[in-house]
Amino acid sequence: MFQNAVLAGIAARHNKSVAQVVLRWLVQRQVVSLAKTTRRERMAENIAVLDFSLETADMAAIAALETGASSFFSHRDPAAVRQISQYRVDI
């Protein structure tokens, strides 16, 4: 996703990162997003998505990227789901 040419082009036009464009796309669609990072600079970047708006054409271009499948892992693959469900975080 972070190497996608469409997202990279939109990010360049807005002088933002691909991650910021994706977060802004979610905000404009009123989708709650939980961005995860432990790095301060990424935290600041994740918060800095309210100072720009995506145009209708940008929103449509991003929506057209939908493939119906996760870019990260298959939610229908029992082995992948089992692996993810075994991940634990100590707080």
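At what angle do helix α2 and helix α4 pack, and how far apart are their axes?

Mentor: This is a predicted model, in which local features need pLDDT of at least 70, side-chain atom pairs count only at pLDDT 80 or more, and totals for chains, interfaces and linings use all residues. Residues are numbered from 1 along each chain as its sequence is written, and side-chain values use heavy atoms, with hydrogens and water left out.

Helix α2 spans residues 18-28 and helix α4 residues 56-63; helices are DSSP runs of H or I with at least four residues, numbered from the N terminus. The two pack at an angle of about 105°, their axes lying 11 Å apart. Axes here are lines fitted to C-alpha atoms over the stretch in contact, and angles run from 0 to 180 degrees between N-to-C directions. The angle makes α2 roughly perpendicular to α4, a term for angles of 65 to 115 degrees. V21, W25 and Q28 of α2 make the contact with M59, I62 and A63 of α4, where contact means heavy atoms within 4.5 Å. By class, this contact has 5 nonpolar residues, 1 polar and no charged; Ala, Val, Leu, Ile, Met, Phe, Trp, Tyr, Cys and Pro count as nonpolar, Asp, Glu, Lys and Arg as charged, and the others, Gly among them, as polar.

W25 also has R29 over its face, at 4.2 Å from the ring centre; this requires CZ of Arg, or NZ of Lys, within 6 Å of the ring centre and within 35 degrees of the ring normal.

Helix α2 packs against α1 as well, at an angle of about 90° with the axes 8 Å apart. Here L7, A8, I10 and A11 in α1 meet V18, V21 and V22 in α2. The residues of this contact are 7 nonpolar, no polar and no charged.

Conventions:
Parallel < 35°, antiparallel > 145°, perpendicular 65-115°, else oblique.
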